[in-house]
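This report describes selected side-chain features of one protein model. The sequence and structure are shown first, and the account follows.

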Amino acid sequence: MEGTVFTPSLEGMQHIKSDQGEMLTKPFLDVCKLILPVIESERRALFGCLKLQSPAIVLVQAFIVDGYNFDNLHVVIFADKFGAAMALVKSDVGGNISRLEKIYQSDPHKYNYLYNIVKEEVECKTAKGSSSCTNGLLWLTRAMDFLVELFRNLLAHPDWTMTEACTDSYGKTLKKYHGWLASSSFTVAMKLAPDRKKFMEVISGSGDITADMEKFCSTFPQYLEENHKFLARCGLDDMKA
């Protein structure tokens, strides 16, 4: 791997905003997609080439994706490909990215700016629907919040296990938006987090993983915070699962 697993996303962040400072749809979604290899790295660190078949994983994914929307149970197909600790996050990220990409691709000029998608749904009074793109952006942003906190924990607490780092990150980000059952299911998944040393080896590649992780954690959150502020102004940032 040339550089670290963070290298592509760090490069992509340079293009997230227009010259006028507007959040651009495709570049933002591209950066989110470029984070997925980090999640895949956890699966490799935990299981190598083994396949995971666990009812607990299936249950956890059902709870997190689109806020208990059990119409999306097809996401269980990820269960044999990703580690328990990140399977639910990848399903959430991938599904919401696809939802937003679909509407962007329907009219790239109209939806060039990310918030135009939300504004249209607010005007149509569909923004609060569980299948809305607004809901997708909200949960995508929250999932990114979780990952940022995880990376911060790995930097700040070299003595923590992956389970400790993931659990603390969840408590700071996603937990307050979930009910008891979803939180309990997440706790089960966290117990299967991989060995920290193996995980760090997988994501390091040929670059400086500490420097890249620090840069990611100091750069990407500003875009996530901007999403939260915009959604809050629309009265949409506090929706729960």
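## Aromatic pairs

F220 is buried, with a relative accessible area of 0%. The model discussed here is a predicted one. F28 is likewise counted as buried, at 0% relative accessibility.

The structure contains eight aromatic pairs. F6 and F151 are both buried. F28 and F220 form a stacked aromatic pair, with 6.2 Å centre to centre and 25° between the planes. Here too the link is between distant parts of the chain: F28 belongs to helix α2 (residues 25-47), F220 to the loop between α10 (209-219) and α11 (221-233), and 192 residues separate them.

## The aromatic cluster

Which residues form one aromatic cluster? The members are F6, F28, F151, F216, F220 and Y223.

## Charge over aromatic rings

R142 places its charged end over the ring of W139, at 4.6 Å from the ring centre. The charged end of R142 also sits over the ring of Y177, 3.4 Å from its centre.

## Buried positions in helices

E101 is located in helix α4 (residues 84-106). Is E101 buried or exposed? Its relative accessible area is 18%, so E101 counts as buried, the cut-off being under 20%. Leaving aside residues up to four places away in sequence, E101 touches L29 and K33.

In helix α7 (residues 162-172), the buried residues include M162, A165, C166, S169 and Y170. These residues cover an arc of only 130° around the axis, and therefore lie on the same side of α7. An α-helix has 3.6 residues a turn, so residues three or four places apart point the same way.

## Cysteines

How many disulfides does the structure hold? The count is zero, where a disulfide would require a pair of cysteine sulfur atoms within 2.5 Å.

The accessibility of individual cysteines can also be stated. C133 has 8% relative accessibility and so counts as buried. C234, at 30% relative accessibility, counts as partly exposed. C166 is among the buried residues of helix α7.

Terms used: Residues are numbered from 1 along each chain as its sequence is written. This is a predicted model: local features need pLDDT of at least 70, side-chain atom pairs count only at pLDDT 80 or more; totals for chains, interfaces and linings use all residues. Side-chain values use heavy atoms; hydrogens and water are left out. Helices (H or I, at least four residues) and strands (E, at least two) are DSSP runs, numbered from the N terminus. Buried means under 20% relative accessible area, exposed over 50%, partly exposed in between (1.4 Å probe, protein chains only). Contact means heavy atoms within 4.5 Å. The arc is that of the directions from the helix axis to the C-beta atoms. Rings of Phe, Tyr and Trp (its six-membered ring) pair if their centres lie within 6.5 Å; planes under 30 degrees apart count as stacked, over 60 as edge-to-face and the rest as tilted. A charge sits over a ring if NZ of Lys or CZ of Arg is within 6 Å of the ring centre and within 35 degrees of the ring normal.
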